[in-house]
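Q: I am new to this structure. Could you show me how to read its features?

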Amino acid sequence: MDETVNEAPAAICDRCGEEVYSYELVHLIDGFIICAECFDDFVFEYFEDCLMTGGEIKEMLSNNDTD
Ligand SMILES: [Zn+2]
């Protein structure tokens, strides 16, 4: 049990620039390497166009009722 974790990083997170090692989990989104720590923020920004308030959604849904 003397396995030294002494390898070079496998990649660099495209968002924060942190080193990513081969045993770590990352997301590859649209060609961007996103580490676990950046994932939440990245996703939030990625789907920013989908952001709206509950009120806006409510209005949208009621407009769909073409009765
Ligand atoms: Zn990162």
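A: Asp30, to take one case, lies in the loop between S3 and S4. This is a predicted model, in which local features need pLDDT of at least 70, side-chain atom pairs count only at pLDDT 80 or more, and totals for chains, interfaces and linings use all residues. Residues are numbered from 1 along each chain as its sequence is written.

Q: How many helices and strands does the protein have, and in what pattern do they follow along the sequence?
A: The protein has two helices and four strands. Along the sequence the pattern is β-β-β-β-α-α.

Q: How many bridges join S3 to S4?
A: The general idea is that two strands pair if DSSP finds at least two bridges between them. Here strand S3 (residues 26-29) and strand S4 (residues 32-35) are joined by four bridges and run antiparallel. Among the facing residues, Leu28 has Ile33 in S4 as its bridge partner, and Val26 stands opposite Cys35.

Q: What lies between S3 and S4 in the hairpin?
A: Two residues separate the strands of this hairpin, and Asp30 is in the turn.

Q: What is phi of Asp30?
A: Most residues other than glycine have a negative phi. Asp30 is not glycine, yet its phi is positive, near 55°.

Q: Is Asp30 buried or exposed?
A: The rule counts other C-beta atoms, placed from the backbone, within 10 Å of the residue's own: 20 or more is buried, 12 or fewer is exposed, and in between is partly exposed. Asp30 counts as exposed because it has 7 C-beta neighbours inside 10 Å.

Q: Where is Cys35, and why does it count as buried?
A: Cys35 is in strand S4. It is buried because 21 other C-beta atoms lie within 10 Å. Buried residues make up 6% of the 67 residues in the protein.

Q: Which residues does Cys35 touch?
A: Two residues are in contact if their C-beta atoms, placed from the backbone, lie within 7 Å. Not counting residues up to four places away in sequence, Cys35 touches Cys13, Cys16, Glu18, Val20 and Val26. A distance can also be taken between C-alpha atoms: Cys35 and Arg15 are 8.0 Å apart in space and 20 residues apart in sequence.

Q: Where is Ala10, and which residues is it in contact with?
A: Ala10 is in the segment before strand S1 (11-12). Leaving aside neighbours within four places in sequence, Ala10 is in contact with Val20, Tyr21 and Ser22. The C-alpha atoms of Ala10 and Ser22 are separated by 5.3 Å, although the two are twelve residues apart along the chain. Ala10 is partly exposed because it has 13 C-beta neighbours inside 10 Å.

Q: What share of the contacts comes from residues 24 or more positions apart?
A: Such pairs account for 5% of the contacts in the protein with a separation of 6 or more.
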